[in-house]
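Morning, everyone. Let me put the model up on the screen, and then I'll walk you through it.

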Amino acid sequence: MVNEIIKAEQLKKYFPVQKSFLEQLLTRKPSYVKAVDNVSFSIKKGEIFTLAGESGCGKTTTGRLIVRLLKPTSGEIHFNDEDITKFKGEKLRLLRRKMQIIFQDPYASLSPRMKLGDAVGHPLEIHELAEGEEKKKMVLDVLHKVGLTPPEQFVSLFPHQLSGGQRQRAALARSIVLKPEFIVADEPVSMIDVSLRTTIIDLMLDLRKELELTYLFITHDLAVAKYISDRIAIMYLGKIIEMGSKESLFLNPLHPYTQALLSAIPVPNPERKRKMIELSGEVPSAINVPSGCRFHPRCPLARFECIRKEPELVEVERDHSVSCLLYWNR
Amino acid sequence: MPLLEISSLAVDYRTSRGTVHAVEDVSFSLEKGETLGLAGESGSGKSTLGLSIMRLVPYPGIIAKGRIKIDEKDVLELSDENMRSIRGRKVAYVFQDPMISLNPVKRISAHFTQLIITHEPKTKKEEAYGRARDILKKLGILPERINDYPHQFSGGMRQRIMIGLAIALNPDLVIADEPTTALDVIVQAKILDLLESLRKIYGMALVLISHDVSILLERCDKIIVMYAGHMVEYANSTELYKNPKHPYTQGLLKSIPNIELVDQKLSAIPGSPPNMLHPLKGCHFLPRCAYANEKCSVKEPPLVDMGNNHFVRCFLDEEGANGE
């Protein structure tokens with residue numbers, strides 16, 4: 001199918017745990033942090049797909065695997081129906097023109113020694129797409145697009161002369177200067193002041209229309225996810241536990257974890273007293289993942305079979321899948 | 001008699017590049033058992049305001065003007081010695097980052113016993129230890145873990161320990177500065193529930209400082225909205241939610257997503273936060289305000305009493321014409 005721009009199949013990323021010499025002698029088996037553990041999803045062209053979850057659930061690692069900043073332990077990534085999992089060298093470089101990433105911290109992702117014009121124009125040089133006057137024109141054009149106006153003034157500024165919101169705009173400009181088809185946005189607004197968040201989100205939505213972009217949006221903030229996304233996947237301990245259209249997921253959350261997560265989000269209304277679903281304990285370590293369903297030690301609805309049997313992600317209604325034994329035998 | 005009374009407080013940071021008026025002309029009072037929210041963006045002066053109550057404004061900050069009274073006692077006139085007896089016992093502070101606020105080489109038990117014995121020298125070590133165990137139980141942490149080190153706890157548990165240290169001496173007022181900003185939503189909700197239940201048990205007042213207006217609307221009786229060091233609006237939370245007067249508050253409320261609403265339209269506040277080193281002459285919000293007129297650029301608007309304990313710093317309301 002052509003209209004799937006990204007397809008991830010059974011992606012896994014295990015990071016080996018560094019052990020001391022003594023531990024190496026005493027234990028044979030190497031241990032791993034299972035950051036991403038068998039994740040499959042696909043993103044349609046033009047859509048905003050969100051990976052959401054708490055810190056440590058593997059959402060950022062998944063994003064980095066997709067743009068090939070990390071090498072998957074196993075699994076496949078398809079981009080426009082082409083298997084890009086094993087791309088190397090020149091092929092990978094050319095691929096990067098089409099897929100870009102924006103990072104969370106705009107203070108760390110822009111070089112403090114590079115003027116904005118140089119930073120935004122740099123990708124054009126690396127890919128030998130434009131130089132001189134032509135490059136300058138393209139940089140001005142893209143700065144204008146992200147709302148850094150007048151662009152002639154901004155090209156000669158250093159990052160420290162910009163506010164957080166302006167820096168994130170600059171990072172966006174740098175990512176779209178190559179005219180990519182697909183952008184991974186990793187928590188692009190979580191470090192930005194509340195009053196400016198909406199402007200950045202709206203800018204991203206405008207650019208999607210104008211440049212026909214597809215986004216993989218990564219966030220821990222479900223209220224933001226609800227505002228921006230078309231489809232959402234909720235991750236827990238390296239796995240997608242629920243995935244569906246925004247409407248079905250928010251109106252009818254199926255997984256007990258999703259239900260608890262949604263109930264914990266503060267609602268900006270003093271008269272609304274929400275009831276929180278209590279979860280016992282905290283997220284276990286990704287090194288010793290619980291047996292069976294990995295959520296069972298904290299699940300208020302856990303049954304005996306949950307300890308032994310690992311549920312798969314199955315579609316229970318149109319465009320809504322859940323990985324929970326409660327819905328399995330229906 | 002209010003527990004805390006602040007009148008025309010001003011805090012300056014005198015830097016080599018000029019003076020920053022971090023807090024200017026702030027007045028409010030807080031009764032026993034009340035919860036007050038301080039809302040604002042980074043740099044709005046909300047943390048400085050919180051720290052000034054404890055007289056802990058860091059160098060080069062100084063309290064330039066105003067009065068801070070706790071239980072009728074003027075905090076600014078106390079000697080350092082007497083001030084120490086207020087910190088911890090009357091007023092306690094919960095900092096944002098529990099990792100840098102706990103001593104990494106000391107056991108949790110040492111944190112508690114040192115605190116208790118310093119402030120109550122007559123207490124025996126065993127007694128302090130026992131009290132610490134009781135507090136851990138209330139926080140939902142196994143008392144057996146009292147001899148663990150800070151790094152052995154998760155972020156949420158460390159923040160609970162910080163809260164435990166704050167309430168250890170049974171203060172009348174707890175100031176919590178972004179206590180949940182570094183935490184995930186589920187842990188955040190648990191910490192806020194814990195603060196609320198402890199507040200009820202001990203009958204203490206709470207000042208909650210946060211950039212997240214959703215939390216404040218949900219958890220506080222009254223809210224102060226700060227912008228560029230000024231209190232721009234002050235009202236009880238229901239009133240603020242239903243009837244925001246200041247254009248900044250209105251913009252803020254329109255820019256926060258609510259997961260309970262279907263097809264919510266968010267609108268942003270244009271422009272960016274002000275440079276505090278070069279303040280404007282008139283209203284600080286002027287460049288971002290949709291309703292600004294000539295008057296706003298000439299002088300700073302005064303705090304206008306709207307009745308019903310609702311105050312707003314804007315000319316629009318002084319004239320009775322609200323910009324809605």
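So, helix H6 (residues 155-167) of chain B packs against helix H7 (residues 185-202) of chain B at an angle of about 15 degrees, with the axes 10 Å apart. Helices here are DSSP runs (H or I, at least four residues), numbered from the N terminus; axes are lines fitted to C-alpha atoms over the stretch in contact, and angles run from 0 to 180 degrees between N-to-C directions. H6(B) and H7(B) are therefore roughly parallel, a label for angles under 35 degrees.

Who touches whom, with contact meaning heavy atoms within 4.5 Å? From H6(B) you've got B:Gly156, B:Gln159, B:Arg160, B:Ile163 and B:Ile167, and they meet residues of H7(B) including B:Leu194, B:Leu198 and B:Tyr202. By class, that's eight nonpolar, two polar and two charged residues. Nonpolar is Ala, Val, Leu, Ile, Met, Phe, Trp, Tyr, Cys and Pro; charged is Asp, Glu, Lys and Arg; the others, Gly among them, are polar.

Quick housekeeping: this is a predicted model, with local features needing pLDDT of at least 70 and side-chain atom pairs 80 or more, while totals for chains, interfaces and linings use all residues. Residues count from 1 along each chain as written, chains are lettered from A and ligands numbered from 1 in written order, and side-chain values use heavy atoms, no hydrogens or water.

Over to chain A: H4 (residues 116-126) and H7 (residues 164-176) pack at about 30 degrees, axes 7 Å apart. That makes H4(A) roughly parallel to H7(A) too. Their contact has six nonpolar, no polar and one charged residues.

How values were computed:
Helices (H or I, at least four residues) and strands (E, at least two) are DSSP runs, numbered from the N terminus. Angles under 35 degrees count as roughly parallel, over 145 as roughly antiparallel, 65 to 115 as roughly perpendicular and the rest as oblique. Contact means heavy atoms within 4.5 Å.
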